[in-house]
Amino acid sequence: MKILVAVKRVVDFNVKVRVKSDNSGVETANLKMSMNPFDEIAVEEAIKLKEAGSATEIVAVSMGPAVCQETLRSAMAMGADRAILVQTEVELQPLAVAKLLHAILKKENPQLVILGKQAIDDDSNQTGQMLAALANLPQGTFASKVKLSGDGVEVTREIDGGLETVALKLPAIITTDLRLNTPRYVTLPNIMKAKKKPLETMTPESLGVDVKPRLKTLKVQEPPKRKPGAKVADVKELVAKLRSEAKVI
Amino acid sequence: MDFTLNEDQLAFQQTARAFARNEFAPHAARWDRECIFPKDVIAKAGALGFCGLYIPESAGGLGLTRLDAAVVFEELAAGCTSTTAYLTIHNMATWMIATWGAPDLVRQWCPTLAQGTKLAWYCLTEPGAGSDAASLRTSARRDGRNYIVDGAKAFISGAGATDVLVLMARTGDAGANGISAFLVPAELPGISYGKNEHKMGWNSQPTRVVNFDNVRVPADYRLGEEGDGFKIAMQGLDGGRVNIGACSIGTAQAAINAAQAHMLERRQFGKKLAEFQALQFKFADMLTELVAARLMIRLAASKLDAAAHNATAFSAMAKRFATDAGFRICVEAQQIFGGYGYLKDHPLERFVRDARVHQILEGTNEIMRVIIAREALKDGALDDLQ
Ligand SMILES: Cc1cc2nc3c(=O)[nH]c(=O)nc-3n(C[C@H](O)[C@H](O)[C@H](O)COP(=O)(O)OP(=O)(O)OC[C@H]3O[C@@H](n4cnc5c(N)ncnc54)[C@H](O)[C@@H]3O)c2cc1C
């Protein structure tokens, strides 16, 4: 069974991002970049399925400028077998990414596609769902547990009310939530081995996909500064304040 | 000349940073307070490759360069100085075994050492022989197919908690040429330990006196030839000094990171600390020194990688400079924290305590000057030491 995992290069989660002075976006120049944490979880899940003998090949895909190769090398150092970079300088929005993934899906015919539920830069939380719609495949989003069974997969999803388990027929699309697993550290020997693994480069044009942005960002702003909290003496006071000041109960 | 790290080094750095942040930093204060030697975490470090960095691949290591190793140690030290310093000693001792051990010995010991499933220590200093290590008196007397070792070693890091030691002992006349090096399994009968010393820092690794009473070491456990022991010990230390310097700059980087955050947050006299010029200048000097120290360490590591004939002098210069700078930076960062820097709630006082010993061990910084001057005052040496 072949698994496709999508990995995005984003500003490292430890970096404090700043809004550009012209409010057109956030400053990314010279910042430390890493693999999107949800995508690390996706790669880890694929590796676990391979280690368990359920999968035979893991293909990592990333999209963006040439430096995204670093992210793909990390995925291969974790355990992906090969990688595909769709190279473009165009700003990629979720729909464009989903279309590109769909095009790759048609070439690669994986049984399972695992993506992060969202990327920590734009927090869109759309790509997996759009891909499922474009490819007309079942989706299990916000996965906290993945279990293969015969020609299907059971995905436990984290939803507002608790947990929901859905049974999907393969091929299927899964997006990962935080609690699915803890990604492994990349070992130093595997970093060196990853350099020898194949990395193929494509372009949106060669895949015949129009990636022109459809959405326009009007303005990016800092969230309002958090006001300092207050200490309460006991539960009674807390409940009183929730009722009278916060007005949430 | 290109001063940037290559792609591999960046990836190693990233792994080391993540490991230090998750596996070292959250526990370092407790390991320090309770004097815990975190063997479980060291085993995890071994699984990633940190126990066999510059051990040749033929001996089961990763075969990385000293420069690669310096980059890794620096990152790890930012999470826990003391545990990383132990890892550097382990790498040094393992490298010595891999380099001078007989093939069977290497096969028997090095793969497990390089993976960190067994741990090593370095055994040179004696109660009466510190800076003047060549005056050591622990003896190894040949007796048929064995050597019989008698004597005592002092200040031995990791002693009593690890598996194998690299021992320097006297097999011949007085002086450096009468010393030989041995691999000694810690389980051999006749080895006993003093108490775990109460130390100012480096508390996540034990330090003990080690006594040898009629310890029979097989002759084929000798490293190199008889009489080569002091040279072997010093070559090990050339690398060890670069590693210890890397531990200092990693610690200093952690101190600077904390100081910057504090300067941008803490307000006095209606302003952020970062707005006082006196502190700005202090901070600028700290960072300048750190960058200079890092360059010295990476230069010395490159000299070792190139097997430059004067690598010893460059290692000594780098060790002296980086450990002095590292300590000063930690003290200044502590100063920027004011009273909070003195509290154990913050890591600054631990950084100071841990970094202090780097000026003392693997050759004191006075001895570094002895070594540098010895090389530098040779006729024609200066062209060479540029
Ligand atoms: C925590 C810790 C861990 C250690 N771990 C190990 C280990 O694992 N293995 C090991 O073998 N050793 C270890 N050491 C020992 C360490 O390397 C020695 O302490 C160090 O080399 C200094 O020796 P000494 O303590 O005998 O000081 P001394 O040699 O007595 O020196 C005292 C002072 O005199 C100065 N001095 C001496 N000679 C000269 C000179 N010619 N010119 C100018 N000044 C001079 C020194 O610089 C120092 O300031 C460790 C030490 C410590 C504190």
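Val61(A) has Ile84(A) as its bridge partner in S5(A), and Met63(A) is partnered in S5(A) by Val86(A). These pairs belong to the parallel pairing of strand S4 (residues 57–64) with strand S5 (residues 82–87) of chain A, which are joined by 6 bridges. Strands count as paired if DSSP finds at least two bridges between them; helices (H or I, at least four residues) and strands (E, at least two) are DSSP runs, numbered from the N terminus. The chain passes from S4(A) to S5(A) by way of helix H2 (residues 68–78) of chain A, in a right-handed β-α-β crossover. Right-handed here means that, with the strands pointing away from the viewer, the path from the first strand over the helix to the second runs clockwise.

S5(A) also pairs in the parallel sense with strand S11 (residues 199–202) of chain A, over 4 bridges. Val86(A) has Met202(A) as its bridge partner in S11(A).

## Basis of the model

This is a predicted model, in which local features need pLDDT of at least 70 and side-chain atom pairs count only at pLDDT 80 or more, while totals for chains, interfaces and linings use all residues. Residues are numbered from 1 along each chain as its sequence is written, and chains are lettered from A and ligands numbered from 1 in the order in which they are written.

## The sheet of chain A and its helices

Chain A contains 6 helices and 11 strands. An open sheet of mixed pairing is formed by 9 strands in the order S9-S8-S7-S10-S6-S1-S4-S5-S11 (chain A). Strand S9 (162–169) and S11 of chain A are the edges; each has a single partner strand, so one side of each lacks a neighbour in the sheet. Neighbouring strands are turned by 30 degrees against each other on average, direction ignored. Axes are lines fitted to C-alpha atoms, for helices over the stretch in contact, and angles run from 0 to 180 degrees between N-to-C directions.

H2(A) lies across S1, S4, S5 and S11 of chain A and runs at about 165 degrees to S4(A). H1(A) lies across S1, S4, S6, S7 and S10 of chain A, at about 150 degrees to S6(A).

## Asp39(A) in helix H1

Asp39(A) is located in helix H1 (residues 37–51) of chain A. Asp39(A) is buried because 30 other C-beta atoms lie within 10 Å; the class buried requires 20 or more such atoms, exposed 12 or fewer, and partly exposed lies in between, with C-beta atoms placed from the backbone. Buried residues make up 37% of the 249 residues in chain A.

Beyond residues up to four places away in sequence, Asp39(A) touches Ala6(A), Val7(A), Lys8(A) and Gly116(A); contact means that C-beta atoms, placed from the backbone, lie within 7 Å. The C-alpha atoms of Asp39(A) and Thr175(A) are 8.9 Å apart, although 136 residues separate the two along the chain.

In chain B, the axes of helix H1 (residues 7–34) and helix H2 (residues 39–48) come within 12 Å and cross at roughly 165 degrees. H1(B) and H2(B) are therefore roughly antiparallel, a term for angles over 145 degrees. Thr15(B), Phe19(B) and Glu23(B) in H1(B) meet Val41(B), Lys44(B), Ala45(B) and Leu48(B) in H2(B).

The contact between the chains takes 9 residues from chain A and 10 residues from chain B. On the side of chain A, H2 and helix H5 (188–194) each supply at least two residues, and H5(A) gives the most, with 4 residues.

Key:
Contact = placed C-beta atoms within 7 Å. Parallel < 35°, antiparallel > 145°, perpendicular 65-115°, else oblique.
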